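Student: Could you walk me through the model shown below, taking its metal site and then its pocket?

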Amino acid sequence: MMATLFFLLFLLLGLYLALRPLWGPKDPFPEPPRREELLRELSVLQEEVGALEGEEKKLALARMVELERALEGWRPPEPRAFNPLPVALALGVALLLGVGLWRYTLPRLPGETTVTQRAEARELRALSQKAKRTGAVEDLLAWGRRAYELQVYEEAAEAYLEVLKKDPKNVEAVRRVGILLFMGGRLEEAQMFLEIAQHADPKAAEGWLFLGNLYFQKGQMPEAIAAWERYLEVGGEARERVEGLIAMARAQAQGGRDGKSVFQARCALCHGAQGEGGLGPKLQGNPILKAPEAVREIVLKGRGQMPPVPLGEEELKALLDYLAGL
Ligand code: HEC
């Protein structure tokens, strides 16, 4: 709150300083009516002075000087040169203060500090510059690994794809690209990459974890269970969580045949245990259930806030039957 006030104050001050030169001073000399006369006299003298000689010329010149002096105060002031420096300075200060306050006062995630964040960003930039300069697979891998650790996934993808261009058989790059594709929702491509990677290097725990997640998302429970079990075998660290996932997949695989359990497992979270609605709209008595083709389409492809729910043909049929009776 205080920081916002300060920021506004500095912004206004900066704007004031920046715009002040533009207002400029008002002309301090109101023009007296005689000015026109004097100017006319002066121009007549200027024309004639060349033709005059001796004493007359001296007098004319003296009068011209007098006229010049009298006119001095009334000449329109020289236009003040616009000086961009103070404007730029003031705007710069306002901007710096704004950015500074913004960076330091925004709420942050627990454990996140701007200092370490900036150090990490610098480290990452150095790694990426080196990798782009040398183009060596080792440097690209170092960049990709660090970006992946720091969850800067676009950069990780860029680095690992670059590795694959140089060394298409690099297992780490194949696996990581597979994981990144999975995170991006590109399940088919992700599956291809991850299956190749896990075949080549079955000891890589993270590959099994994500392959399991992927099968689970596709509704292939036995495959998901097998992949997660491999994860535990090779010593994956998230033991408890994965054991929980396996139990859930088992329950779904068993109950998967009747429509009610499919609904409980895959839809109830959003549409309510009895289809009474929740995050998603009410399904009980919903006229759309009389159009099973439409429901099938929504379930398999998703719609708006609803993600696609991949289901096998059998499960889907059972689910549609169940829904028709809701
Ligand atoms: C992650 C939450 C979520 C899950 C899981 C989910 N839905 Fe939905 N569903 C929604 C939301 C949100 C909408 C509204 C979508 C829109 O139209 O924007 C919706 C819409 C629908 C509609 C269209 C309703 C209408 O009146 O237009 C149907 C039918 C439907 N869901 C069926 C299902 C079925 C069957 C399942 C399980 C296989 C399921 N949903 C799983 C969130 C979910």
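Tutor: What follows is a short talk through the metal site and then the pocket. This is a predicted model, in which local features need pLDDT of at least 70, side-chain atom pairs count only at pLDDT 80 or more, and totals for chains, interfaces and linings use all residues. Residues are numbered from 1 along each chain as its sequence is written, and side-chain values use heavy atoms, with hydrogens and water left out.

Student: Which protein donors does the iron atom of the ligand have?

Tutor: They are H271 (NE2) and M306 (SD), lying 2.0 to 2.1 Å from the iron, where donors are N, O and S atoms within 2.8 Å of the metal (3.2 Å for Na, K and Ca).

Student: And where do H271 and M306 lie?

Tutor: H271 is in helix 14 and M306 in the loop between helix 15 and helix 16, so the pair ties together parts that are 35 residues apart in sequence; helices here are DSSP runs (H or I, at least four residues).

Student: Is H271 buried or exposed?

Tutor: H271 is buried, at a relative accessible area of 10%, while M306 is partly exposed at 26% (buried is under 20%, exposed over 50%, partly exposed in between, with a 1.4 Å probe and protein chains only).

Student: Switching topic, how many residues line the largest pocket?

Tutor: The lining has 30 residues, with R266, H271, M306, P307 and V309 nearest the centre.

Student: Why does the largest pocket lie between domain 1 and domain 2?

Tutor: Domain 1 (120-255) and domain 2 (259-324) both give residues to its lining, so the pocket lies between them; the bounds come from an automatic or database domain assignment. A pocket is an open set of points on a 1 Å grid over the protein atoms alone, where a 1.4 Å probe fits, with protein on both sides within 12 Å along at least five of seven lines, and lining residues have an atom within 4 Å of a point.

Key. Helix = DSSP H or I, 4+ residues; strand = E, 2+ residues; numbered from the N terminus.
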